[in-house]
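This report covers helix packing, a nonpolar core, selected residues and backbone geometry. Please keep the structure open while reading.

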Amino acid sequence: MNSRQTSMYESNEPMGPLASKLRPRDLDEFAGQTHLLGEGKVLRQMIDKDMVSSMIFWGPPGVGKTTLARIIAGRTKAEFVNFSAVTSGIKEIRDVMNQADRMSVMGDKTILFVDEIHRFNKAQQDAFLPFVEKGSIVLIGATTENPSFEVNSALLSRCRVFVLNALTQDDLFGLIKRAVKDPRAFDGAKIKITDEMLNIIAAFANGDARVALSTLEMVVLNGNVTKTGITVTMEMLEQCISKKSLIYDKNGEEHFNIISALHKSMRNSDVDASIYWLARMLEAGETPLYVARRIVRFASEDIGMADSRALQIAVTAYQACHFIGMPECSVHLTHAVTYMALAPKSNALDLAYSAAAVDAQTMLAEPVPMHIRNAPTKLMKELGYGKNYIYAHDTEDKLSSMQCLPDSLLDRKYYKPTDQGQETRVKERMTQIEQWKKEHSND
C-alpha cells in the first residue's frame, strides 16, 4: 500500500508549472472558499480537529479540490492514498480496500482521495461502498460534475457534499499578487507588473486559479528581462490573453445551465439577456442546430396559440442554420430568439398535453365511440362502426354536436386558452363552438 502513498512534501524545491510550485501548504495559504473554511465553518472545524468523514468536493476546475485534499492529508494522522479514476480498475480498488481493512483492525485510519470520481463507473464506485459503510476508509472524492447524476446514490448518501465555488476576481487578484512576491515562483527575481495588469489576469481566469497562475507565468516568462528584474508590459499581456476559451462544456452541467438561461430569458421577454446567452453558446462552439431545436420547442411550449407565427419563424431559423451553418446563421438565431422574447406568452398548449397525457396513461382502456370508428369492412359496418357519424363539411355551420371523447372523459377540458396575443381570438372561437354545441345538442 505504501507504494501508492503520495507525499506533498517530497522536495523542498517544487518543479513544474507555477501552479504546482505555489500549491498552498496549509489553510492560511488557501484562496477562497471562506463559506467552507472560514473560522467556525463546519469543514474548517472538521480539518482542525482531525475528524474528517467521507465527503465529495464538487466545483469547477481550478478552485482547489485536489489542493484541499492534500492539505487534509498533511493535517491528518491517517494514511493518505491518492487514487486515479482514470487508470485504476476494480482489482486495484479491492486491493487497496482490503489493505485499508486490515489497517483499520489495528486502529489505523486510511483516507482515500479519488480525483475525478465521476469517471468511475457504477461497478467501480460500488467497490468502495462496503468499506465506507464500515469505516475502513474515509473517502474524499473530487468532481466537476453534479454528484447527484455522477455518483451512485448509495455511495453519495454516505458522503457529505461540499460545494466549492469559482474564485472571485478579488480572490484571484490576491492569489497572483502574492505569487509575484513569493520567492518560490520565479527564482526570487523581482517582477514589475501593475495592479491593473494583475486585475486583467484575474478577470481573464474567470474563477480558475490554475488559469490565473498559468497566465501570470506566461506573461512573466515573456517579459522584458533587465538587470533589476523582469518587467511585464501591457502589450505582452494583451498578446498572451488575446484568445480566451469560454467556459462551456457541451456535455457538462454548464451546458444545461446556459440553455436554461436562454430559455428562461426568452420566457421572461428579456431580449438582451436572450441574445447574450445565445452568444455564449455559439461563441463557445455549440452546434447551432441544437440551439435551433430548443427554440422550436420553445415556440409551442411558451408561446403557442398566442402567436402561431413563432413556430414558423423557429422552424425557418432551423432550416437557415441547416443551409448555411456558422458563423452566418448566428443572425438567424438572433432573429428567432428576439422574436420569441417579444412574442406574447402562453403555456396553454403544454398544460393541455400534460393534462391529456395523465388521462391517456391512467385510462388506457377507454373505448373509441362507435360513431367515430372507421368501418372499412362490411362486418364492421354491421357491428355499428361509424353509425350516425356526421361529416362536418356537409353541415351548414361546418359543426356538429357529435361526441368525440369517451363517455368517462366527456367533461374534460384540456386546452384552456389565455388572454395573451392571438389566443384571445382562439378563446372567443372556442366559446362560440361550445355555445353552438349546447344549442344543438338535441339535433
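## Basis of the model

This is a predicted model: local features need pLDDT of at least 70, side-chain atom pairs count only at pLDDT 80 or more, and totals for chains, interfaces and linings use all residues. Residues are numbered from 1 along each chain as its sequence is written, and side-chain values use heavy atoms, with hydrogens and water left out.

Helices (H or I, at least four residues) and strands (E, at least two) are DSSP runs, numbered from the N terminus. Axes are lines fitted to C-alpha atoms, for helices over the stretch in contact, with angles from 0 to 180 degrees between N-to-C directions. Contact means heavy atoms within 4.5 Å.

## Helix H17 and its partners

Helix H15 (residues 288-303) packs on helix H17 (residues 330-342) at an angle of about 20°, and their axes are 11 Å apart. That makes H15 roughly parallel to H17. (Angles under 35 degrees count as roughly parallel, over 145 as roughly antiparallel, 65 to 115 as roughly perpendicular and the rest as oblique.) The crossing of H15 and H17 is left-handed; a crossing is left-handed if the near helix is turned anticlockwise from the far one by less than a right angle, and right-handed if clockwise. H15 brings Pro288, Val291, Ala292, Ile295, Phe298, Ala299 and Ile303 to the contact, and H17 brings Leu333, Ala336, Val337 and Met340. By class, the residues of this contact are 11 nonpolar, no polar and no charged. (Ala, Val, Leu, Ile, Met, Phe, Trp, Tyr, Cys and Pro count as nonpolar, Asp, Glu, Lys and Arg as charged, and the others, Gly among them, as polar.)

Helix H14 (residues 271-283) also meets H17: the axes come within 9 Å and cross at roughly 145°. The crossing of H14 and H17 is right-handed. On the H14 side, Val271, Ser274, Ile275, Leu278 and Leu282 make the contact; on the H17 side, Ser330, Leu333, Thr334, Val337, Thr338, Ala341 and Leu342 do. The contact of H14 with H17 has 8 nonpolar, 4 polar and no charged residues.

How many residues does the largest nonpolar core have? It has 32, and those with the most contacts inside it are Leu172, Ile176, Ile193, Leu216, Val219 and Val220. Helix H9 (169-181), helix H10 (195-205), helix H11 (209-221) and helix H12 (234-240) each give two or more residues to this core. A nonpolar core is a set of buried Ala, Val, Leu, Ile, Met, Phe, Trp, Tyr and Cys residues joined through side-chain atoms within 4.5 Å. Leaving aside neighbours within four places in sequence, Leu172 is in contact with Leu167, Ala202, Ala205, Asn206, Gly207, Asp208, Ala209 and Ala212.

The axes of H10 and H11 come within 8 Å and cross at roughly 135°. That makes H10 oblique to H11. The crossing is right-handed. Leu198, Ile201, Phe204 and Ala205 of H10 meet Val211, Ala212, Thr215, Leu216 and Val219 of H11. These contact residues divide into 8 nonpolar, 1 polar and no charged.

Is Phe128 buried or exposed? Phe128 is buried, with a relative accessible area of 0%. (Buried means under 20% relative accessible area, exposed over 50%, partly exposed in between, with a 1.4 Å probe and protein chains only.) Phe128 sits in helix H6 (residues 122-133). Beyond neighbours within four places in sequence, Phe128 is in contact with Ile93, Met97, Leu112, Val114, Phe120, Ile137 and Leu155.

Leu410 is partly exposed, at 46% relative accessible area. It lies in the loop between helix H19 (378-382) and helix H20 (423-439). With neighbours within four places in sequence set aside, Leu410 is in contact with Gln403 and Leu405.

## Backbone geometry

Most residues other than glycine have a negative phi, and most peptide bonds are trans. A cis peptide bond joins Met326 and Pro327, with omega about 0°. Pro327 is in the loop between helix H16 (309-324) and H17.

Asn388 has a positive phi, near 70°. Asn388 lies in the loop between H19 and H20 and is exposed, with a relative accessible area of 62%. Lys398 has a positive phi of about 60° although it is not a glycine. Lys398 is in the loop between H19 and H20 and is partly exposed, at 48% relative accessible area.
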